Amino acid sequence: MKSITYTITDELGIHARPAGLLVKLAGGFQSKITISKEGKEADAKRIMALMGLSATKGTVITVEIEGPDEADAAKAVEDFLKANL
């Protein structure tokens, strides 16, 4: 299992546009990708779950990736977070 900790820097946090892009990215991997914030968890392949986290600027999120392509997924998700959130 791979784990990434990231602090949201986007002024709007995880909102519709980046959430949709993240769901599309996560859907391209076989691995299970879970994002958590303060005890709440969301499947990164479900947009409503991501939006439900209410992750705003300054929020620390943890991404856990487990599966056959977890190394590639972890790199892609980390790059996405740095570029978009």
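## Glu70 and the basis of the model

Glu70 is placed in helix H3, which covers residues 70–84; helices here are DSSP runs of H or I with at least four residues, strands are runs of E with at least two, and both are numbered from the N terminus. The structure is a predicted model, in which local features need pLDDT of at least 70 and side-chain atom pairs count only at pLDDT 80 or more, while totals for chains, interfaces and linings use all residues. Residues are numbered from 1 along each chain as its sequence is written, and side-chain values use heavy atoms, with hydrogens and water left out.

Glu70 is buried, a term that means under 20% relative accessible area, as against exposed at over 50% and partly exposed in between, with a 1.4 Å probe and protein chains only. Despite being buried, Glu70 has no salt bridge, and the nearest side chain of opposite charge, that of Lys2, is 5.4 Å away. A salt bridge is counted when a side-chain nitrogen of Lys or Arg is within 4 Å of a carboxyl oxygen of Asp or Glu; for charge, Lys and Arg count as positive and Asp and Glu as negative, with His and the chain ends not counted. Setting aside residues up to four places away in sequence, Glu70 touches Met1, Lys2, Ser31 and Ile65, where contact means heavy atoms within 4.5 Å.

## Overall architecture

The chain contains three helices and four strands, and in sequence order these follow the pattern β-α-β-β-α-β-α. A compact globule of 85 residues would have a radius of gyration near 12 Å, and the 11 Å of this chain agrees with that; the radius is taken over C-alpha atoms, and the globule rule is 2.2 Å times the number of residues to the power 0.38. Along its principal axes, the C-alpha trace spans about 35 × 20 × 20 Å.

Buried residues account for 42% of the 85 residues in the chain. Of the contacts between residues at least 6 apart in sequence, 70% join residues at least 24 apart.

## The nonpolar core

In soluble globular proteins, nonpolar side chains tend to be buried together. The largest nonpolar core of this model has 25 residues, and those with the most contacts inside it are Ile33, Ile35, Ile61, Val63, Ile65 and Leu81; such a core is a set of buried Ala, Val, Leu, Ile, Met, Phe, Trp, Tyr and Cys residues joined through side-chain atoms within 4.5 Å. Two or more residues of this core come from each of strand E1 (2–7), helix H1 (16–27), strand E2 (32–37), E4 and H3, and H3 gives the largest share, five residues.

Beyond its neighbours up to four places away in sequence, Ile35 has a contact list that includes Leu22, Leu50, Leu53, Ile61 and Val63, together with Lys40 and Glu41.

## Buried loop residues

Ile8 lies in the loop between E1 and H1 and is buried, at 1% relative accessibility. Its C-alpha atom is 7.5 Å from that of Ala55, although the two residues are 47 apart along the chain. The residues that Ile8 touches, other than those up to four places away in sequence, include Ala55, Thr56, Lys57, Gly58 and Thr59.

Thr59 is in the loop between helix H2 (47–52) and strand E4 (60–66) and is likewise buried, at 10% relative accessibility. The side chain of Thr59 reaches the backbone oxygen of Thr56 at 2.8 Å, and, apart from neighbours within four places in sequence, Thr59 is in contact with Tyr6, Thr7, Ile8 and Lys37.

Phe29, in the loop between H1 and E2, is buried at 16% relative accessibility. Leaving out residues up to four places away in sequence, Phe29 touches Lys45, Asp69, Asp72, Ala73 and Ala76.

## Salt bridges

The count comes to three salt bridges. Lys57 pairs with Glu11, the closest N and O atoms being 2.6 Å apart; because Lys57 lies in the loop between H2 and E4 and Glu11 in the loop between E1 and H1, the pair ties together parts that are 46 residues apart in sequence. Lys57 is partly exposed, at 44% relative accessible area, and Glu11 is exposed, at 60%.

Lys75 and Asp79 meet in a salt bridge at 3.0 Å, N to O, and, being four residues apart in helix H3, they are separated by about one helical turn. Glu78 forms a salt bridge with Lys82, with closest N and O atoms 3.7 Å apart, and these two residues also lie four apart in H3. Glu78 is partly exposed, at 32% relative accessible area, whereas Lys82 is exposed, at 56% relative accessibility.

How values were computed
A polar contact is a pair of N or O atoms within 3.5 Å; within protein, one must be able to donate a hydrogen and the other to accept it, and residues adjacent in sequence count only if both atoms are side-chain atoms.
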